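The following exercises are to be worked through with the sequence and the structure at hand. Each task is followed by a solution in steps.

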Amino acid sequence: MNISLKSGKTKPSNPQARAAFKSKVAKINRYMAWINLPLLLIGSFMIHAWKDGVAGTSARSTGSALQGIFIILFFIHTLMSAYLYGIPKPARNVRVFHIYLGYAVFIFVMSSQVFLKTEPLHTLLYFLQWVTISFHIALSTRFAFKRLAKRKADPTLAFYTGGKLVRNAQGEA
Amino acid sequence: MLMVIYSILTGLHLFFFMVGAQSYLRSRSVYSLLALIPLAGLAYDNGVIAIGVGFGEGDFMKTLNAGRYIIHAILTPLLILWSVSVAQRLGAAWAQKRGVWMAFIVLTVAMIAFGFYTDVVRLTLKPVQELGTLRYIAATRGGPPIPAIITIFVMMGVGLYLWIKHKWAWMFVGSFVMLVAAPLGARLTGLANTAEVVMNASIVASDQLANGDLDETKASVQKPLKVV
């Protein structure tokens with residue numbers, strides 16, 4: 001059963017519809033994170049290349065633009081994650097750890113920028129930012145492979161009860 | 001730029017450490033610790049290089065960097081014993097013999113002693129700045145790192161055995177990548193450290209194989225989350 005909102009759109013009220021809606025949001029959230037990753041990497045490396053004198057000022061401006069887009073998407077990704085997962089009960093579970101690691105990324109990204117001129121605090125926070133990002137992405141990759149393996153798992157065929165075996169098997173697939 | 005790369009490598013080492021630790025907690029095999037301890041050491045190694053520039057030159061960074069050499073000297077040869085343990089856990093007849101174990105224990109102790117003498121006792125450090133990183137390196141180096149080379153060759157030997165007997169190529173591939181990348185790392189900064197991540201991935205996967213974690217029937221089931 002759906003409840004009508006003032007805007008005319010409907011908000012799923014029963015648990016199944018709510019779960020389906022959250023599953024859709026989670027999918028969008030994951031796709032957005034994968035788009036965000038190259039923006040962060042390319043943007044950061046362009047700025048560092050300019051700082052190290054390897055690239056010119058155009059690298060700096062392009063890198064800054066990419067990082068600007070990254071920050072917007074990063075905020076949306078964090079907000080969507082907070083909506084989807086909230087504050088999970090602390091447990092010795094990789095998925096719970098993954099969520100908290102994501103929140104840690106947010107804290108370190110923001111705080112490393114706040115203490116930009118305070119050394120060695122800035123370097124430490126910037127280091128922790130990249131450590132948590134790479135750890136978070138490695139875990140995400142692991143989960144993505146698990147989802148893919150689950151999707152590609154061979155479907156079990158129903159017990160043969162007569163008829164043409166090849167046609168039935170193709171129908172199941 | 002290198003600071004970011006070393007930070008990412010630290011994160012990846014910690015990730016593989018976590019995967020290895022999960023396998024250890026399931027199996028409680030002491031042999032898994034022989035792989036986990038060097039893994040933690042490599043995370044420390046990359047982490048110290050990454051944060052160096054923030055602290056600058058001084059006794060603090062010098063001490064942290066000396067730790068990198070101590071860790072490499074003491075922990076790397078432990079992988080010799082771990083390699084033999086993988087073969088033993090997978091049922092290799094030769095790895096069940098007491099004599100074989102004694103020989104590899106002697107080799108491991110000898111490599112630790114040799115590495116400690118050449119890389120720690122005679123260690124003098126000098127600071128080096130490169131592409132936004134600061135680290136201390138050995139001012140004088142007396143020849144190639146024999147303990148690390150011997151360790152890689154033992155891993156390759158056992159890896160070859162696993163490849164032939166168990167159709168498991170990853171241990172051989174990981175150690176071979178390290179063997180090729182280590183000398184190139186002297187010319188291309190960060191290459192050897194990146195190869196270490198590849199080697200660690202192969203170590204963790206091989207340890208999981210030895211612990212029986214890659215058996216589909218033992219795959220863990222994730223519990224649903226409880227939101228408070």
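**Exercise 1: A residue and its core**

Task: Identify the residues in contact with A:Leu139, leaving aside its neighbours within four places in sequence.

Solution. Step 1: Contact means heavy atoms within 4.5 Å. On that basis, A:Leu139 touches A:Val94, A:Phe97, A:His98 and A:Leu101, together with B:Phe15 and B:Met18 of the other chain.

Step 2: The model is predicted, so local features need pLDDT of at least 70 and side-chain atom pairs count only at pLDDT 80 or more, while totals for chains, interfaces and linings use all residues. Residues are numbered from 1 along each chain as its sequence is written, chains are lettered from A and ligands numbered from 1 in the order in which they are written, and side-chain values use heavy atoms, with hydrogens and water left out.

Step 3: A nonpolar core is a set of buried Ala, Val, Leu, Ile, Met, Phe, Trp, Tyr and Cys residues joined through side-chain atoms within 4.5 Å; buried means under 20% relative accessible area, exposed over 50%, partly exposed in between (1.4 Å probe, protein chains only). In the largest such core, of 48 residues, A:Leu139 and B:Phe15 touch the most other members. Helix H1 (residues 2-27) of chain B gives the most to this core, with 10 residues. Helices (H or I, at least four residues) and strands (E, at least two) are DSSP runs, numbered from the N terminus.

**Exercise 2: A hairpin in chain B**

Task: Explain why strand E2 (residues 133-138) of chain B is largely enclosed by the rest of the structure.

Solution. Step 1: Five of the six residues of E2(B) are buried, so the strand is largely enclosed.

Step 2: Two strands pair if DSSP finds at least two bridges between them. Strand E1 (residues 125-130) of chain B pairs with E2(B) in the antiparallel sense over six bridges, and B:Lys126 stands opposite B:Ile137.

Step 3: Two residues lie between the strands of this hairpin, and B:Leu131 in the turn has a positive phi of about 40 degrees.

**Exercise 3: The interface**

Task: State how much area chain A and chain B bury between them.

Solution. Step 1: Buried area is the accessible area (1.4 Å probe) that two parts lose on being put together, summed over both. Here the value is about 2,700 Å², 76% of it on carbon and sulfur atoms.

Step 2: In chain A, the residues losing the most area to chain B are A:Phe45, A:Phe127 and A:Phe135, together 20% of what that side buries.

Step 3: Chain A supplies 30 residues to the contact and chain B supplies 29 residues.
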